[in-house]
Number of protein chains: 2
Amino acid sequence: MKFANRMEELKPSDIREVMKMIAANPGTISFAGGLPDPNLFPSEEIRVATDKVLKENSSIALQYGLTLGRPSLREKITKLMAREGVKATIDNIAVTTGSQQAITLSTMMFLDSDDVIITENPSYLGALAAFKPFETSFVGVNGDDEGMLMDELEEVLKNTPKAKMIYVIPNFQNPTGRTWSLERRKKLIEIASKYDLPIIEDNAYGEVRFEGERVPSIKSLDTDGRVIHLGSFSKILSPGLRVGWVCADKDIILKYELLKNASDLQSAELAQMQIDEYLNENDLEEHLNKIKKVYKERRDLMIKVIKEEFPKEAKYYYPEGGMFVWVELPSHINTRDLLKKAIERKVAFVPGGSFYPKGDCESSLRLNYSTMENDKIVKGIKILAELLKESI
Amino acid sequence: MKFANRMEELKPSDIREVMKMIAANPGTISFAGGLPDPNLFPSEEIRVATDKVLKENSSIALQYGLTLGRPSLREKITKLMAREGVKATIDNIAVTTGSQQAITLSTMMFLDSDDVIITENPSYLGALAAFKPFETSFVGVNGDDEGMLMDELEEVLKNTPKAKMIYVIPNFQNPTGRTWSLERRKKLIEIASKYDLPIIEDNAYGEVRFEGERVPSIKSLDTDGRVIHLGSFSKILSPGLRVGWVCADKDIILKYELLKNASDLQSAELAQMQIDEYLNENDLEEHLNKIKKVYKERRDLMIKVIKEEFPKEAKYYYPEGGMFVWVELPSHINTRDLLKKAIERKVAFVPGGSFYPKGDCESSLRLNYSTMENDKIVKGIKILAELLKESI
């Protein structure tokens, strides 16, 4: 039997390989995942909300529903979009099976095979995985503490006639933890307009800000319907429900509807009702404050120990929110090799090379702080520091 | 902004248009959908199961999980596969977001653009919709009461070098309600072997058999890993949970894992646990018997009224299970026009043309009997009979 050409390009993600190593070494302190802390799920509140839905509306919750999602949930999502400075109605919202599906559907909407996606360099591993089955290629544009470098972006676009979409994570980026400045966001829209390209703004972490002012979303600066904003309940409520969304112009949402209908008909009706009912009865702000307090403590601690223990050659980035600390090492250090040594000492992270579209940088690493308790953070970072000192 | 070429091919499904007409005419007797009767959902049992999961295991249920799905649910799915005569282990099972996603992932796995999918003629509208975004074309092969015509299939394959996959619904087919004979299933495997093609066996309705013997699944006759069996909890438990599955050779399942991971990471963990726990505590057989009893009564009644009232020129098919009665009319009758008249009289169905890959037959219609109560079935079919008599 012959498989499609796209299958040749696909291989298991590096993170999955790391997860296998961790599974083979029980007791490992893992900074590898990108998971929310399950102890912070509002489990009891979700249980109560779920029970109410299934008692009162099971014939709706267990039945097929609308492809774009439940209007009442989409209405609530418009309120989350208002926090991002975006005026939206339910016609601007499509519910998706996590924001991962939204990345896939966006790729389907804008890319033919051999087209090119512009990403940050490095960028979210899962997005790179989502792009691959469509036989597109991607070009990573470097960034600094303000976001993607706009001169480099212009240069790339000038030389990449097949560029069809720009994918960015402007808040607490995965993997670097960086947040784009307002100026850089404005400039991105300007350049995207010039080249008439859509911008996919992946905002999975936007609500997880520990300090500082929220920067207006790129979508809020959009005047010609070029920005497609992706949101998700995964990091703020629960990833296991698989509910994310797209916010875009109405005409574009109708195109998402066609693709979504073809792909999986609709996202789970019950999961949407669970979130809807949870939001009816609970204060999301309060829950977010609870999450942010814990994650902030863990970030503070991780940064503190890194500062104290890591050799000075290791450059780390201070994230104002989200889940990750990014570390860059001298270029002769290969962090895939480092990982093997770390696993022997029962500490795990994700080697940074996985996040580079071209795989051309192997000397960085991503540390997640959202799931490990304080004593493990201290112990794990100290072990990494020892390994780094040995290697540098 | 430029959209991908595939977007030009996509248009709203005809069923959705019918649904809009129904919504605009409240009180319409609808034979149009393909929905299970929500009154037959085991709502209380699912509520109890859900509450237990969220009380005891919320930190797992609300968290990310494995791309291929929960091992304990996959184990239970192997038992459903055993009912189909298939020996499977959990390594042969991938959980998907409904079987709709399984159709999409299968298309991604086997088809490059411009390749051809062989389907029954007519075939499931949702599958045709799932194929389209991949810029494939499809050729429908006609059938009779035993299933697809094998001579015609051979002829088509001889002349279609770009054929890469055969998609069939051998049990209570959507839309015709027909079930393939064992002989035809064997012959299909023989021909697929000769042309070295994969067979996608969509078995969404297999468990909804009212009478007669279960015919061995095509997968159970597979000796060289060529058959990919799609199953779903949508028709037997609840479509709103969006849980379906693929059963295939282990190597192929690993490829589904790659595509599934790229597409939506995983299906909802909680939904999988709800079904798993429901199956722990309840007798699925008993529930199936309850569903089948009601659907059988409705089929019997629909067939009885059709027999009594429809003009003799209307040829109908007697389904041994599933949800649909298929009616073929003289070729001068256009059922899209007929639908408009029916909607005026507050009765709806799906015009058959939508189910033909080439849209080359407009004189048939699909009637669903799973959701309407007895008095509505009688009234609705009588109205249709009057309209048919006027038209013929």
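Strand E4 of chain B and strand E5 (residues 147-148) of chain B run antiparallel and are joined by two bridges; helices (H or I, at least four residues) and strands (E, at least two) are DSSP runs numbered from the N terminus, and two strands pair if DSSP finds at least two bridges between them. B:Gly143 has B:Met148 in E5(B) as its bridge partner. Two residues lie between E4(B) and E5(B), which form a hairpin.

This is a predicted model, in which local features need pLDDT of at least 70 and side-chain atom pairs count only at pLDDT 80 or more, while totals for chains, interfaces and linings use all residues. Residues are numbered from 1 along each chain as its sequence is written, chains are lettered from A and ligands numbered from 1 in the order in which they are written, and side-chain values use heavy atoms, with hydrogens and water left out.

E4(B), residues 137-144, also runs parallel to strand E3 (residues 116-121) of chain B, with six bridges between them. Here B:Val116 is opposite B:Ser137 in E4(B). From E3(B) the chain passes through H7(B) to E4(B) in a right-handed β-α-β crossover; right-handed means that, with the strands pointing away from the viewer, the path from the first strand over the helix to the second runs clockwise.

Chain A has an open sheet of four strands in the order E10-E11-E14-E13, with antiparallel pairing. Its edge strands, E10 (315-316) and E13 (350-351), each pair on one side only. Two bridges connect E10(A) to E11 (residues 324-328) of chain A, and A:Lys315 is opposite A:Glu328 in E11(A).

Between the chains, 74 residues of chain B are in contact (heavy atoms within 4.5 Å) with 74 residues of chain A. The buried area is about 6,300 Å², 62% of it from carbon and sulfur atoms; this is the accessible area (1.4 Å probe) that the two parts lose on being put together, summed over both. In chain B, the residues that lose the most area to chain A are B:Met1, B:Leu62 and B:Tyr64, together 13% of what that side buries.

Four salt bridges cross this interface, each a side-chain nitrogen of Lys or Arg within 4 Å of a carboxyl oxygen of Asp or Glu. B:Asp112 and A:Lys2 form a salt bridge at 3.7 Å, N to O. Several helices of chain B give two or more residues to the side that touches chain A, among them H1 (6-9), H7 (125-131) and H10 (250-264). H10(B) gives the largest share, nine residues.
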